Amino acid sequence: MWEEVLFAVAGLAALWCIYRTIKRTPQAFSSKNMHRSLFTLGLLALGLIAFITIAVLMLKGY
């Protein structure tokens, strides 16, 4: 029971922080900035996939 209440309070606090952030800096969520961020995250994901692939191949001994 207490865990559910704590999760609900933590969820509400997280939503309140997100709301304040969006209200304080709306330009951070513009279309241009979102596209730039998603491009960067995509490159980082591809790099991580390549790193894990190389690590697995090295561990297998190929």
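A: Happy to! A helix is expected to span 1.5 Å times one less than its number of residues. Keep that rule in mind for helix H2, which covers residues 31-60 in this predicted model. With 30 residues at 1.5 Å a residue, H2 should span 44 Å, and its end C-alpha atoms lie 43 Å apart, so the two values agree. Just after H2 comes Gly 61, which takes a positive phi of about 90°.

Now for the rest of the chain. The protein chain has two helices and zero strands. Its C-alpha trace spans about 50 × 40 × 10 Å along the principal axes. The radius of gyration is 20 Å, whereas a compact globule of 62 residues would have one near 11 Å.

Of the 62 residues, 0% count as buried. The chain exposes about 6000 Å², and carbon and sulfur atoms supply 76% of that area.

There is also a nonpolar surface patch of about 590 Å², made by Leu 12, Leu 15, Ile 18, Ile 22, Phe 29 and Met 34. Helix H1, residues 2-24, gives the most to this patch, with four residues. Leu 15 is one of the patch residues, and its place is in H1. Exposed means over 50% relative accessible area; Leu 15 has 56% relative accessibility, so it counts as exposed.

How values were computed
Residues are numbered from 1 along each chain as its sequence is written. This is a predicted model: local features need pLDDT of at least 70, side-chain atom pairs count only at pLDDT 80 or more; totals for chains, interfaces and linings use all residues. Side-chain values use heavy atoms; hydrogens and water are left out. The radius of gyration is taken over C-alpha atoms; the globule rule is 2.2 Å times the number of residues to the power 0.38. Buried means under 20% relative accessible area, exposed over 50%, partly exposed in between (1.4 Å probe, protein chains only). Accessible areas come from the Shrake-Rupley method with a 1.4 Å probe; for residues, only the protein chains shown count as cover. Patches are made of residues with over 30% relative accessible area and no salt bridge: like charges are joined within 9 Å, nonpolar side chains (Val, Leu, Ile, Met, Phe, Trp, Tyr) within 5 Å. A salt bridge is a side-chain nitrogen of Lys or Arg within 4 Å of a carboxyl oxygen of Asp or Glu.
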